[in-house]
Amino acid sequence: MRNLFPVLIVTAFLIALWYAAVIPMNAQWAQDQARRAGQDLSFSALVADTMRQQRPRLPAPHQVAGELWNSTVVEEMTGRRGWWNTGSLSNRSLIYHGWVTLSATLLGFAIGSALGIALAVGIVHNRAMDASVMPWAIASQTIPILAIAPMIIVVLNAVGVTGLIPKAIISTYLSFFPVVVGMVKGLRAPDQMQLDLMKTYSATGGQVFAKLRWPSAMPYLFASLKVAIAAALVGAIVAELPTGAVAGLGARLLSGSYYGQTVQIWSALFAAAILAASMVAIIGLIQRVTLRRMGMAA
Amino acid sequence: MRDTTTAPVISAQGLNLTFQTNDGPVHALKDVTLDIAKGEFVSFIGPSGCGKTTFLRVIADLEQPSSGTITVNGMTPEAARKARAYGYVFQAAGLYPWRTIAGNVKLPLEIMGYSKADQQARVEKVLELVELSGFARKFPWQLSGGMQQRASIARALAFDADILLMDEPFGALDEIVRDRLNEQLLALWARTEKTIGFVTHSIPEAVYLSTKIVVMSPRPGRITDIIDSPLPRERPLDIRDSPEFIEISHRVREGLRAGHLDD
């Protein structure tokens, strides 16, 4: 709880900065409206107006928070298509869209982590893979995901793969890389002395892996999983953009920008950020529990 | 005092080892010939680069000699390693931070496929041997450096290897802890009757512990003197003030100096 105070201070500062920016960003529109109506705006009326426009350039924090609340709890509990009235999630709620994105993210993250770990194991144990895989892995990340995502979707669509899988593959594409890099480092963390010790026991390669390399790599694994899950979420959102997807946080961002619904865009952005932060926090929790049980207080 | 009619446990004949480095070949061992009998406590002493650690690593099959022959228990070092003929104690304790002390001692037993019950019994036995019985469930970071090194000795003792190879095990510890560990090591040696190869920088440590002191010198790494200690096996710490002890220490020092004069 001691480190909550600085966090709150910074948050308060950022919100104040945000409010301060809202006034000049939206003032033009407010003044234009007033001129058209032949009115004279006082400063306080101007400020009040910039905070409650329907389609502001920059929505105020309370508008975004209100939209987040309305499009989650209110929509599901009272909406005609909400969960309370129909038993299924409303397609107008951020919970529904968040879940669509989250499911692709989690699937992509799972595949990406497994692939990353498998590649790292191969790189550490196989000389040919050591020499050949890493340059390709790095090259794969230099291609802008926005350029390659539509192609992956189109190609998969052509062979009849649609829905969750293409998005998950793009998540995989982004999330395997930090896991490879982290796990190669982690599996190579044991020093020569520890490897020599294993040799004096005439341990097999499998035993060295299970008893030395794998446990040594744990702190590295969790660090890369945190990066990977955030990357997986970005991948899933990006995958929803070029396809005209009708569901998902990416779809909300896209439709928001089509119709100039800035409040909707910002609330989708915040939903994505909250989702990412929660997932990173969950991995952090698993990390703490695991490392504590391993005697490595982290 | 010892039965020297039986075959030596470790026997090296004309051993050479050359490392290829970027600065050209380094002659780490030159023409090393040495026999170690069962139950001996042999110290290797010399300045850095004299090949004492390299020789120990050759015995352990961690380095391959360039020429010459060496047998361990009558086998090649590789066969001896696979037969689990020795336990090795490194300069650093190298305990796994994610295992408790008992877990660390258990490590070689797990790898070698001992039964669960046997593992438990052996862990208890060797921890008692190094006086760490109460610390089985502690993690390494909860122990002092000297205790960690004792745990690593327990780990090397856990499977019944006849030979214990120790590479400057107490090098990083302060003198007071070191004295105590030396005393404990002698007691342990007397109880277990193992053959011990011990690398050290310290003359008093070598003389206090050993039945045989091998003095080595660098460039190329070679043996300059082999001293069979006349000290009795039973050695209280104050034996270090006896005339015999001082005389052997003097001879070791002379041997080390002679090695340096050759440079």
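Visitor: Before we start, how are residues and chains labelled?

Guide: Residues are numbered from 1 along each chain as its sequence is written, while chains are lettered from A and ligands numbered from 1 in the order in which they are written. The model is predicted, so to speak of a local feature we need pLDDT of at least 70, and side-chain atom pairs count only at pLDDT 80 or more, though totals for chains, interfaces and linings use all residues.

Visitor: How many helices and strands does chain A have?

Guide: Helices (H or I, at least four residues) and strands (E, at least two) are DSSP runs, numbered from the N terminus. Chain A has twelve helices and zero strands.

Visitor: Which domains is chain A divided into?

Guide: Domain bounds come from an automatic or database domain assignment. Here you get domain 1 (4-58) and domain 2 (94-293), with 39 Å between their centres, taken over C-alpha atoms.

Visitor: What is the radius of gyration of chain A, and what would a compact globule have?

Guide: That radius is taken over C-alpha atoms, and the globule rule is 2.2 Å times the number of residues to the power 0.38. A compact globule of 298 residues would come out near 19 Å, but chain A has 24 Å. Along the principal axes, the C-alpha atoms of chain A fill a box of roughly 90 × 55 × 40 Å.

Visitor: How much of chain A is made up of buried residues?

Guide: You count neighbours: a residue is buried if 20 or more other C-beta atoms lie within 10 Å of its own, exposed if 12 or fewer, and partly exposed in between, with C-beta atoms placed from the backbone. Buried residues make up 35% of the 298 residues in chain A.

Visitor: Which residues is Arg55(A) in contact with, leaving aside its neighbours within four places in sequence?

Guide: Two residues are in contact if their C-beta atoms, placed from the backbone, lie within 7 Å. On that test, Arg55(A) touches Gly260(A), Gln261(A) and Thr262(A).

Visitor: How many residues does each chain bring to the contact between chains A and B?

Guide: Chain B brings 18 residues and chain A brings 15. On the chain B side, helix 2 (77-82) and helix 3 each give two or more residues, and helix 3 gives the most, with three. If you count Ala, Val, Leu, Ile, Met, Phe, Trp, Tyr, Cys and Pro as nonpolar, Asp, Glu, Lys and Arg as charged, and the others, Gly among them, as polar, the chain B side divides into 13 nonpolar, two polar and three charged residues.

Visitor: What covers the buried residues of helix 3 of chain B?

Guide: The cover includes helix 10 (205-240) of chain A, together with helix 4 (116-129) and helix 5 (145-157) of chain B. Among the buried residues of helix 3 (residues 101-111) of chain B are Ile101(B), Val105(B) and Leu109(B).

Visitor: Why is strand 6 of chain B called largely enclosed?

Guide: Five of the five residues of strand 6 (residues 163-167) are buried, so the rest of the structure largely encloses this strand. Ile163(B), Leu165(B) and Asp167(B) are buried on one side, and Leu164(B) and Met166(B) on the other.

Visitor: Which strands pair with strand 6 of chain B?

Guide: Two strands pair if DSSP finds at least two bridges between them. Strand 5 (residues 86-89) of chain B pairs with strand 6 in the parallel sense over four bridges, and strand 7 (residues 195-200) of chain B pairs with strand 6, also parallel, over five bridges. Look for Leu165(B) as the bridge partner of Tyr88(B), and for Leu164(B) opposite Ile196(B).

Visitor: What about backbone angles?

Guide: Most residues other than glycine have a negative phi, and most peptide bonds are trans. Arg84(B), not a glycine, has a positive phi of about 55° and sits in the loop between helix 2 and strand 5 of chain B. Glu193(B) also has a positive phi of about 55° without being a glycine, and Glu193(B) counts as exposed, with 9 C-beta neighbours inside 10 Å.

Visitor: Where is there a cis peptide bond?

Guide: Go to the bond from Arg219(B) to Pro220(B), which is cis with omega near -10°. Pro220(B) lies in the loop between strand 8 (212-217) and strand 9 (222-228) of chain B.
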